[in-house]
Amino acid sequence: MNKRFLLPLLLSLFSSFALANEIELEHDPIPTDRASVLRGAEQVATVCSSCHGLKYVQYRSLLDLGIAKETVDVWRGDKPLNSAMKPQMAPDDAAAAFGVTPPDLSLMAVAREGGVHYLYSYLMGYGVGANGETTNRIFTVTKMPDVLGISAASDAKQREEISAKAKDITAFLNWAADPRAGDRRSLGIYVIIYLLIMTILLFLWKKQIWRKIDAMEKL
Amino acid sequence: MFKSTLAWIDQRFPLTHFIKNDLADYPTPRNLSYWWNFGSLAGLVLVMQLVTGIFLAMHYKPDIATAFDSIQHIMRDVNYGWLLRYMHSTGASAFFAVIYIHMARTLYHGSYRAPRELLWWTGQGLLLLLMATAFMGYLLPWGQMSYWGAAVITNLFRATPFFGEQVVVWLRGDFQVGDATLTRFYALHFLFPFIIVGAVMIHLIALHTVKSSNPRGIELKPKDNIPFHPYYTIKDMLGVAVYLVVFSAFVFFVPNTLIEAANNIPANPMQTPAHIVPEWYFLPFYAILRSVPDLAGGVAAMGLSVLIFAAMPYLDRSRIPGGARYRPAYRFLFFIFLADMLVLGYVGAVPVTADTAIVGRVATEIYFLTFLLLPWISKKEEAYLIKRGLPPAVEEFLQNNANKKH
Amino acid sequence: MSSKDNVVNPERRNFLGKVTTVAGATGAAAACWPLVSSMNPSVDVLSNATTEVDLSHIPPGGMHTVAWQGKPVFILHRTEEEINRMKELSQIEPVADEKRVQQPQWLVVVGICTHLGCVPNRSENGWLCACHGSQYDDSGRVTHGPAPHNLDVPPYKFLSADRIVIG
């Protein structure tokens with residue numbers, strides 16, 4: 001949910017305006033379970049990281065996520081544990097090869113309108129154009145090749161596998177964009193429970209103190 | 001020991017007098033609704049913003065090379081940094097929500113009317129300070145929305161007669177929004193809240209001089225006033241608890257609802273995001289700005305749309321006391337105004353098209369008409385109500401006023 | 001107005017009131033914890049809490065300064081002669097040299113004067129603190145005041161013959 005949509009959402013009930021130029025995103029639920037995130041981490045660390053870095057995610061934080069030290073050691077090579085996840089290809093070389101510098105992925109899951117759904121739809125958005133060229137319906141001028149191969153997928157089973165992979169990658173990048181989200185939610189539950197109890201106690205106490213006033217004639 | 005210490009202080013500072021007269025025994029109408037909670041609630045929100053802000057300032061770096069990174073450092077590495085940051089960013093929106101409700105209550109119940117004009121105007125000053133503080137704070141994360149929001153708003157000063165260009169450059173300290181702008185916005189964003197605290201003191205002194213209004217709009221007899229403590233302390237605490245439940249739900253579960261996606265991309269002076277939208281609390285005023293197809297005219301209309309509230313004590317000319325309670329036409333006008341605000345908010349949020357431009361224009365006209373027609377409507381309504389017959393309390397009030405004059 | 005329960009001063013210090021007050025005060029106190037905690041070292045600072053040092057570059061008699069938790073740590077490669085000279089106890093805070101080293105040729109001490117926190121300079125037979133004139137010997141023990149204590153020995157261990165990790 002985004003505030004730009006909140007108000008229009010309410011008002012569009014009694015208005016005839018439609019939002020202009022909105023791309024239809026796929027709203028498949030993006031998994032948040034650990035297994036998906038870990039599978040996604042592997043994809044990102046071994047495939048995506050050829051070109052893309054995650055400058056706000058250090059290798060040490062992958063350990064906190066629950067990835068084995070040996071695996072992280074393989075991924076980081078000779079980079080220290082405190083190093084950010086850097087792309088294997090130097091940014092200048094990548095820029096020369098693709099025409100643009102591949103963007104950093106740390107915040108990619110929250111940096112586009114639609115968030116994770118944009119990301120998933122983008123990964124799944126490749127197709128074949130009229131002249132046999134690869135296109136992307138979400139981000140038409142993208143320079144990234146169809147790494148997952150969805151545009152060439154022929155049968156449903158293949159599409160299913162690629163979709164699962166795209167979801168895992170999205171799940172990991174969603175974690176990477178806000179690694180403290182788990183702490184946040186688990187603390188939030190206790191805070192809200194406490195505040196609800198306080199609300200009830202204060203409500204009862206308020207009623208008790210106001211008893212004589214509430215019994216008076218209304219003004 | 002305690003008593004003698006207190007006596008020692010009281011000879012030198014009116015502590016007991018202050019606690020007794022302004023906190024404990026402060027006479028408060030017994031018929032205040034829960035809409036009266038939002039004043040003290042705004043005070044709490046101010047304190048929370050101050051506290052979280054000061055702790056964030058210990059980790060934030062006001063430099064265009066490091067500002068964006070330092071926010072991520074706060075979000076990822078600082079202990080509970082995410083909590084401080086989300087409380088502060090959500091708190092900004094919460095502050096406006098609380099203040100707008102506080103203002104809506106004042107308008108609905110006519111609490112701005114004599115003798116509370118100064119109370120209303122100090123509140124108006126607080127709103128302007130709050131807007132300035134929020135605007136400058138929004139630049140600090142140095143995301144795309146931060147940057148372009150600041151670029152657009154500072155450009156409004158181009159409408160200054162004769163010196164437009166110079167004023168814009170002076171405000172920014174640069175030809176574009178840049179390092180100098182970020183650093184001064186940070187300095188002022190740190191300073192302004194303390195000025196707000198001072199202004200709140202003045203607001204409270206004014207309040208305690210004229211005392212709280214009440215839903216009837218007629219001052220109550222002394223027997224109908226009750227001591228602030230414990231009645232309103234407990235009622236305010238209950239309001240705080242309910243507020244905190246809602247606030248926490250946002251902070252812990254949907255903290256990004258109010259953060260634009262584009263603000264997760266570092267500021268790029270070479271590329272403007274597809275839609276740039278101000279924060280929701282500026283949307284109605286932004287819509288008014290866009291509805292006038294002329295820079296100076298738009299800026300003037302937007303400025304006037306905020307400042308016109310100050311004229312309310314003089315625009316409302318009815319002799320019938322209070323706000324909507326005894327005055328159906330006033331109540332109707334209030335809800336028209338509220339609906340118009342929502343429409344303006346919607347228009348401010350969507351890209352300009354031919355349709356939204358017309359709606360924006362009409363809504364802007366209605367906005368100003370509700371103010372400008374008020375003197376006439378309030379007089380017509382007064383005549384009609386007197387002819388129809390008034391409730392005894394109002395009758396008595398008018399009689400007393402008439403007697404005073406003779 | 002002798003009754004405890006009237007309009008001006010209603011009864012409020014009952015069980016419900018006490019429970020609510022205690023619960024509210026507890027919550028308010030707990031809410032301070034994130035503020036306090038946010039001032040503690042952040043995760044990235046803590047992750048620099050250990051430092052690995054390669055000793056093979058330090059010749060006998062040579063000293064190397066490394067940063068550990070932002071503090072200077074002196075690593076002195078002591079010669080046989082220096083080791084022998086340290087057999088005697090120092091006067092101000094007597095500690096045997098063997099207790100301050102893991103291997104006699106390697107002295108590892110925090111390079112912060114125990115007086116007021118300046119960084120002492122290497123001198124002829126140890127260190128001299130330029131701030132207030134404290135002197136330390138080649139075991140980092142104070143030989144001349146005003147410093148009250150010997151230089152601290154940080155926790156460290158040998159990963160191999162010429163590699164240590166401090167912290």
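Chain A is divided into two parts, domain 1 (21-179) and domain 2 (183-210). The C-alpha centres of domain 1 of chain A and domain 2 of chain A are 41 Å apart. Please keep in mind as you read that this is a predicted model.

Let us turn to the neighbour of chain A. In the contact between chain B and chain A, 56 residues of chain B meet 48 residues of chain A. About 4700 Å² is buried between chain B and chain A, with 68% of that area on carbon and sulfur atoms. Three residues deserve a look on your screen: Arg30(B), Arg76(B) and Tyr346(B) supply 18% of the area that chain B buries against chain A, more than any other three residues.

What kinds of polar pairing cross this interface? Between chain B and chain A there are zero salt bridges, while twelve residue pairs are in polar contact, both residues at pLDDT 80 or more. On the side of chain B that touches chain A, helix 4 (67-76), helix 5, helix 10, helix 14 (328-349) and helix 15 (354-372) of chain B each supply at least two residues. Helix 10 of chain B gives the largest share of that side, 16 residues. By class, the side of chain B that touches chain A has 36 nonpolar, nine polar and eleven charged residues.

Chain B also meets chain C, with 16 residues of chain B in contact with 16 residues of chain C. Here the buried area is about 1300 Å², and carbon and sulfur atoms give 66% of it. The count of salt bridges between chain B and chain C is zero, and four residue pairs are in polar contact across this interface, both residues at pLDDT 80 or more. Helix 3 (38-57), helix 5 (81-108), strand 2 (225-227) and helix 10 (228-253) of chain B each bring at least two residues to the side of chain B that touches chain C. Which element gives the most to that side? Helix 10 of chain B does, with three residues. The side of chain B that touches chain C is made up of eleven nonpolar, four polar and one charged residues.

Now to chain C itself, which is divided into domain 1 (1-40) and domain 2 (46-166). Their centres, taken over C-alpha atoms, are separated by 54 Å.

| Strand pair | Sense | Bridges | A bridge in the pair |
|---|---|---|---|
| Strand 5 and strand 6 (126-128) of chain C | antiparallel | three bridges | Ser123(C) with Gly126(C) |
| Strand 1 (51-54) and strand 10 (163-166) of chain C | antiparallel | four bridges | Glu52(C) with Val165(C) |
| Strand 9 (156-160) and strand 10 of chain C | antiparallel | four bridges | Phe158(C) with Ile164(C) |

Strand 9 of chain C and strand 10 of chain C form a hairpin, with two residues between them. Strand 10 of chain C also pairs with strand 1 of chain C.

Elsewhere in chain C, four strands make an open sheet in the order 5-6-7-8, with antiparallel pairing. Why is one side of strand 5 and of strand 8 of chain C left without a neighbour in the sheet? Strand 5 (121-123) and strand 8 (142-144) of chain C stand at the edges and each has a single partner strand, so one side of each has no neighbour in the sheet. As background, strands of a sheet pair through backbone hydrogen bonds.

Key:
Residues numbered from 1 in each chain as written. Chains lettered and ligands numbered in written order. Predicted model: local features only at pLDDT ≥ 70, side-chain atom pairs only at ≥ 80, totals over all residues. Heavy atoms only, no water. Contact = heavy atoms within 4.5 Å. Buried area = accessible area lost by both parts, 1.4 Å probe. Salt bridge = Lys/Arg side-chain N within 4 Å of Asp/Glu carboxyl O. Polar contact = N/O pair within 3.5 Å; in protein donor to acceptor, adjacent residues only side chain to side chain. Nonpolar A, V, L, I, M, F, W, Y, C, P; charged D, E, K, R; others polar. Pairing = 2+ DSSP bridges. Domains from an automatic or database assignment.
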